[in-house]
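Subject: Structure for you to look at

Hello,

Here is the structure I said I would pass on. Please open it first, then read the notes below it.

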Amino acid sequence: MEGVTCMDNVVTGKAWVFGDNINTESIMPTGTDFDPSLAAPNTMKFYDPEFAPNVKPGDIVVAGVNFGNSSSRAAGQVFLYIGVSVIVVDSAARIFFRNTWNIGVPVLECPGITKLVNKGDILEVDISAGIIKNLTTGAETRADKPIDLLVDRWKAGGMIEWIKTHRNEYPTLG
């Protein structure tokens, strides 16, 4: 099962599993001028050299604690560029969490997720409800439910697209 199946808020894809403390420099390597097309061939190479050449649109990134720590670079752009459908982590660095949702890639926090998923497992993730099903093993868990505003921004294609459709509702967006 390759690629992504998306039904409203539910995505299905292959899991790529990483450990704790994955930094933004490993997601969007230095020297790529913050260009996702230049960063993509080397993203996550330090942690899994198979990831960049083999990740497919719709795949799901699963990781441990403090995912996306370090710099404030918008490293989530690389995941958007390569088509990662959702990132599910034990916990995420706050700037990475918000930046990545805002560019259009959901990040769900689900303590203990790395104990329930192995590399290559097929996951079904209900992004709005935070329900994660491991279709390979039958395990099921629940992430922290994201706030509606983040889900709305994701559905719109990211914060910029959301602003375009909601500009008249908020005087500060004028």
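**Helix 5 and what follows**

In helix 5 (residues 94-103), the buried residues are F96, F97, T100, W101 and N102. Buried means under 20% relative accessible area, exposed over 50%, and partly exposed in between (1.4 Å probe, protein chains only). Helices (H or I, at least four residues) and strands (E, at least two) are DSSP runs, numbered from the N terminus. The cover over the buried residues of helix 5 includes helix 1 (24-27), helix 4 (76-82), strand 4 (86-89), strand 5, helix 6 and helix 7. After helix 5 comes G104, with a positive phi near 110°.

Residues are numbered from 1 along each chain as its sequence is written, and side-chain values use heavy atoms, with hydrogens and water left out. The pLDDT (the predictor's confidence in each residue, from 0 to 100) averages 91 for the protein chain, and 95% of the residues score at least 70. Residues 1-7 have a pLDDT below 50, and this stretch has 16 contacts (heavy atoms within 4.5 Å) beyond near neighbours in sequence. Where pLDDT is low, the predicted coordinates should not be read in detail.

**Helix 7**

W162, I163 and H166 are buried in helix 7 (residues 159-166). Seen down the helix axis, the buried residues fall within an arc of 100° (taken from the directions from the axis to the C-beta atoms), so they line one face of helix 7. The face turned away from the buried side carries the exposed residues I160, K164 and T165. K164 also forms a salt bridge with E161, with the closest N and O atoms 3.1 Å apart. A salt bridge is a side-chain nitrogen of Lys or Arg within 4 Å of a carboxyl oxygen of Asp or Glu. The whole structure has seven salt bridges.

**D121**

The side chains of D121 and N134 are joined by a polar contact of 2.8 Å. A polar contact is a pair of N or O atoms within 3.5 Å; within protein, one must be able to donate a hydrogen and the other to accept it, and residues adjacent in sequence count only if both atoms are side-chain atoms.

Regards

Note on methods:
Predicted model: local features only at pLDDT ≥ 70, side-chain atom pairs only at ≥ 80, totals over all residues.
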